[in-house]
Amino acid sequence: MRAAPRSDVPVDEALARARAFAANLSARRSVRQFADRPIPEGVIEEAVRAAGSAPSGANLQPWRFVVVTDPGVRRALREAAEAEERDFYRRRVSDEWRDALAPLGTDWRKPFLETAPALIVVFEVHKGPESPKPYYVKESVGIAVGFLLAALHQAGLASLTHTPSPMRFLNDILDRPREERGYVVIPVGYPAADAEVPAIDRKPLDEILVRR
C-alpha cells in the first residue's frame with residue numbers, strides 16, 4: 001500500500017474546474033464525416049494511456065486497444081461491419097428501435113470506418129492462456145472507454161462509438177485471440193468541413209440528478 005494521491009485543488013477553484021470540464025465535455029458530439037487530415041503523432045497513444053488509467057475490477061485491466069490506420073484493414077473492417085449492419089437493419093431491428101434511431105439518420109452504411117484516419121477497436125479481455133479471469137469486465141471497459149473519449153475530445157479530435165453486432169469479425173480481421181471480445185469501434189479524426197450532427201438535446205440536470 002502507499003499514500004493516496006492528492007490533487008490539492010484550492011476550494012475556491014474546485015467549482016470553476018468542475019464547471020469548465022463539464023462545459024468542455026458537453027461540447028463533444030459524435031461525428032460521422034471525417035476530414036482527410038492526419039492526427040498528430042503520439043496523440044492517440046496518450047489518449048489510450050489515459051484510458052488505461054481507468055479503475056477496473058480487481059485491477060486486472062481487462063481491455064485491449066487496437067489502433068488501425070492501414071487503409072486496407074480499415075476497408076476490410078468497413079465491409080465486414082456493413083454486412084452485419086445490413087442484416088441488422090433488414091431483419092433484426094425492432095420497430096421501436098428503428099424509431100429511436102430515426103432522429104440520428106443512421107443506416108447500414110458505415111463510410112466513417114474507412115474515411116476516419118484511425119480506428120480504435122476496443123476489446124474486452126477474458127480468461128485465456130495468458131490472461132486471468134477478470135471481474136466486472138463490461139463495467140471496467142466501459143469506464144476506460146469513457147476516459148478514452150474524454151481524452152480524445154480534450155486533444156481536439158472527433159470520435160464516434162460504433163457497435164456492430166455480432167463483432168466476431170473483429171478478431172478475424174485484426175488477428176486477435178478468442179479470449180478478446182469486441183466491445184466498440186471508435187473512428188477518430190477531425191470533422192470534415194461539411195460535417196453535420198443531429199439536432200438533439202441533452203437531458204437537463206434536474207432530470208438526471210437525484211438528491212436524497
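A cavity, on a 1 Å grid over the protein atoms alone, is a set of points where a 1.4 Å probe fits but cannot get out, whereas a pocket is an open set with protein on both sides within 12 Å along at least five of seven lines; lining residues have an atom within 4 Å of a point. Grid points are joined across faces, edges and corners, and a volume is the space filled by probe spheres set on the points.

The model is predicted: local features need pLDDT of at least 70, side-chain atom pairs count only at pLDDT 80 or more, and totals for chains, interfaces and linings use all residues. Residues are numbered from 1 along each chain as its sequence is written, and side-chain values use heavy atoms, with hydrogens and water left out.

**View 1. The largest cavity and its lining.** Across the whole structure, the search finds 1 cavity of 30 Å³ or more. The space in the largest cavity is about 40 Å³. Its lining is formed by Leu77, Ala81, Leu113, Leu119, His162, Pro164, Phe169, Leu170 and Val185. At least two lining residues come from each of H3 and helix H7 (168–174); helices (H or I, at least four residues) and strands (E, at least two) are DSSP runs, numbered from the N terminus. The lining has 8 nonpolar residues, 1 polar residue and no charged residues, where Ala, Val, Leu, Ile, Met, Phe, Trp, Tyr, Cys and Pro count as nonpolar, Asp, Glu, Lys and Arg as charged, and the others, Gly among them, as polar.

**View 2. The largest pocket.** The largest pocket holds about 490 Å³ of space. It is lined by 22 residues, of which Arg32, Leu101, Leu104, Thr106 and Thr161 are the closest to its centre. H3 and helix H4 (95–101) each contribute at least two residues to the lining of this pocket, and H3 provides the largest share, 3 residues. By class, 10 lining residues are nonpolar, 6 are polar and 6 are charged.

**View 3. Glu85 in helix H3.** Glu85 belongs to helix H3 (residues 71–92). Its relative accessible area is 6%, so Glu85 is buried; buried means under 20% relative accessible area, exposed over 50%, and partly exposed in between (1.4 Å probe, protein chains only). Leaving aside residues up to four places away in sequence, Glu85 touches Trp108, Lys110, His162, Pro164 and Ser165, a contact being heavy atoms within 4.5 Å.

View 4. In one of them, the closest N and O atoms of Arg49 and Glu46 are 2.9 Å apart. These two residues lie 3 residues apart in helix H2 (residues 43–51) and are therefore separated by about one helical turn. Arg49 is exposed at 57% relative accessible area, whereas Glu46 is partly exposed at 43%. In another salt bridge, Arg78 meets Glu82 at 3.0 Å, N to O; the two are 4 residues apart in helix H3, about one helical turn. Arg78 is partly exposed, at 22%, and Glu82 is buried, at 8%. A network of salt bridges links Arg75, Arg78, Glu82 and Glu114.

View 5. Arg64 and Glu180 form a salt bridge through their side chains, at 3.0 Å from N to O. This pair links distant parts of the chain, with Arg64 in strand S1 (residues 63–68) and Glu180 in strand S4 (residues 180–189), 116 residues apart. Arg64 is partly exposed, at 34% relative accessibility, while Glu180 is buried, at 2%.

**View 6. The open sheet.** The 4 strands of an open sheet follow the order S1-S2-S4-S3 with antiparallel pairing. S1 and strand S3 (158–159) are at the edges, each with a single partner strand, so one side of each has no neighbour in the sheet. Two strands pair if DSSP finds at least two bridges between them; strand S2 (residues 118–125) and S4 pair in the antiparallel sense over 8 bridges. Leu119 stands opposite Pro187 in S4.

**View 7. Backbone features.** Most residues other than glycine have a negative phi, and most peptide bonds are trans. Ser165 and Pro166 are joined by a cis peptide bond, with omega about 0°; Pro166 is in the loop between S3 and H7. Asp8, a residue other than glycine, has a positive phi near 55° and is found in the segment before helix H1 (11–26). Tyr136 also has a positive phi, about 50°, and lies in the loop between S2 and helix H6 (137–154). Asp8 is exposed, at 63% relative accessible area, and Tyr136 is exposed, at 60%.

How values were computed. Salt bridge = Lys/Arg side-chain N within 4 Å of Asp/Glu carboxyl O.
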